[in-house]
Amino acid sequence: MKFSRRKRRSSLFSNLRTLSRSQRTLDVAHFQGNRVSLLLHGGDFFAALFEAMHLATTAICAEFYIIRPDDTGKTFAEALMAAAVRGVEVSLIYDSIGCHNTPSSYFQRLEAAGVRCLSFNKPSFTKLHWLDIRDHRKLVVIDGMTAFLGGLNVGDEYTGYGESFTRWRDVGIRLEGPAVGEVLRLFRLTWLQEGGAGIPGLSEQPGTPDPAGEADVMIVNGTPHHTRSVIRSSFRLAMAGAVHRIRIITPYFAPGPRVVRSLLRAVKSGVKVQLIVPSISDLPLILLMSRAYLAPLLKAGVEIFERQETILHAKVMLIDDYWVTLGSANFDFRSFHRNYEINVIIDSREFGAQVRSLFDEELEKSRRVALSEYVQRKWFVRFLEWLLRPLGRFL
């Protein structure tokens with residue numbers, strides 16, 4: 001079913017621009033004339049990314065929360081080093097906590113080949129309060145013209161097609177057009193904030209990318225804070241603008257009462273809401289505590305599904321088949337308040353159709369959760385959910 005844009009209750013982009021101006025922040029930036037391609041599976045994402053890296057001529061800027069020293073990590077490293085050897089300016093930011101299992105020799109080898117590596121939030125006795133802050137972004141900018149974004153880290157588990165518990169279900173995008181300049185700006189900002197030398201991606205770089213397609217795009221910059229969250233506000237504004245349907249895929253659903261209230265208001269106004277969550281998780285504690293948020297949604301008529309046969313890691317929301325928000329942020333307190341995140345909001349009929357097909361495919365591989373099943377769960381499971389729920393602010 002296709003929905004008319006003219007019946008929208010409000011303009012999400014207009015509301016986000018108002019939010020940005022009222023808070024005097026540069027956390028939301030809007031660009032017209034972009035082309036966005038959905039990379040439907042991790043296998044598609046890395047194939048496209050590595051091809052683009054091999055074709056890079058001026059600069060590669062990469063930023064990841066986790067980089068593993070497995071086969072995918074080795075291929076990633078070889079592509080970075082090969083680019084540096086042929087004269088491409090290569091800069092890499094990696095999170096020190098996310099990469100705690102990656103040996104220092106991995107990054108030393110990159111640096112020896114000419115790759116500039118920067119560890120985000122390197123542990124220090126002088127800033128113990130800062131250890132809770134993480135760089136959860138996943139992005140690569142090629143030659144200042146093409147960006148790859150999504151929820152995928154660099155590791156074998158992210159490279160599959162959702163066919164097993166060792167090859168997870170994830171999704172990414174390829175972005176071309178003026179919005180790429182904002183992605184590069186945020187990378188540079190983090191680079192300089194963490195004490196990186198020089199401005200990465202600047203040497204011999206062309207100007208702002210020309211219009212490449214029909215998609216309106218907003219880049220939402222999530223940064224650590226305790227009183228407000230632009231990421232959460234963007235989710236809630238999207239929900240408030242829905243007229244017909246909200247569809248969400250998320251691996252970690254511990255959003256807090258504000259997001260739950262936004263979903264309940266949408267249902268009350270006649271919007272159909274569908275939520276796909278994992279049946280099994282790489283973080284079982286978060287999966288258990290998230291169950292406590294499902295009861296009011298199920299009672300209100302939200303359709304909740306559990307993805308089978310793999311670990312779900314994709315983070316996508318589709319509003320009325322036209323608005324899509326996709327990126328690194330989860331529906332949880334850590335993404336809202338403690339992580340550096342980057343999300344892309346896309347207004348495009350063509351891209352919305354691609355994401356609609358993605359949801360239809362995922363529903364076929366998911367099992368619907370019945371309210372009766374949820375109510376009848378054992379007492380000690382309910383007790384654990386209650387006990388763990390306050391920890392959702394910290395995990």
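Q: Is Asn121 buried or exposed?
A: Relative accessible area decides: under 20% is buried, over 50% is exposed, and partly exposed lies in between, with a 1.4 Å probe and protein chains only. Asn121 has 0% relative accessibility, so Asn121 counts as buried. This is a predicted model, in which local features need pLDDT of at least 70 and side-chain atom pairs count only at pLDDT 80 or more, while totals for chains, interfaces and linings use all residues. Residues are numbered from 1 along each chain as its sequence is written, and side-chain values use heavy atoms, with hydrogens and water left out.

Q: Where is Asn121 found, and what is its phi?
A: Helices (H or I, at least four residues) and strands (E, at least two) are DSSP runs, numbered from the N terminus. Asn121 is in the loop between strand S4 (116-120) and strand S5 (134-135). Its phi is near 55 degrees, a positive value in a residue other than glycine. Glu309 is another non-glycine residue with a positive phi, near 75 degrees. Glu309 sits in the loop between strand S13 (303-307) and strand S14 (316-319).

Q: What does the chain look like as a whole? How many helices and strands does it have?
A: There are 13 helices and 18 strands. The chain has 395 residues, and 61% of them count as buried. A contact means heavy atoms within 4.5 Å. Of the contacts between residues at least 6 apart in sequence, 83% join residues at least 24 apart. Accessible areas come from the Shrake-Rupley method with a 1.4 Å probe, and for residues only the protein chains shown count as cover. The chain exposes about 16200 Å², of which carbon and sulfur atoms supply 56%.

Q: Which residues of helix H4 are buried?
A: In H4 (residues 104-112), the buried residues are Tyr106, Phe107 and Leu110. Seen down the axis of H4, these residues fall within an arc of 85 degrees, so they line one face of the helix. The arc is that of the directions from the helix axis to the C-beta atoms. An α-helix has 3.6 residues a turn, so residues three or four places apart point the same way. The cover over the buried residues of H4 includes helix H3 (71-85), strand S3 (89-95) and S4. Just after H4, Gly114 has a positive phi of about 105 degrees.

Q: How are salt bridges read, and how many does a search of the whole structure find?
A: Side chains of opposite charge can pair when their charged atoms come close. A salt bridge is a side-chain nitrogen of Lys or Arg within 4 Å of a carboxyl oxygen of Asp or Glu. The search finds 20. In one of them, the closest N and O atoms of Asp132 and Arg338 are 2.6 Å apart. This pair links distant parts of the chain, 206 residues apart: Asp132 is in the loop between S4 and S5, and Arg338 is in helix H10 (residues 333-338). Asp132 is partly exposed at 25% relative accessibility, whereas Arg338 is buried at 11%.

Q: Which residues share partners in one network?
A: Lys365 forms a salt bridge with Glu361, the closest N and O atoms being 3.7 Å apart. Salt bridges that share partners join Arg169, Arg307, Glu361, Glu362 and Lys365 into one network. Lys365 is partly exposed at 33% relative accessibility, and Glu361 is partly exposed at 21%.
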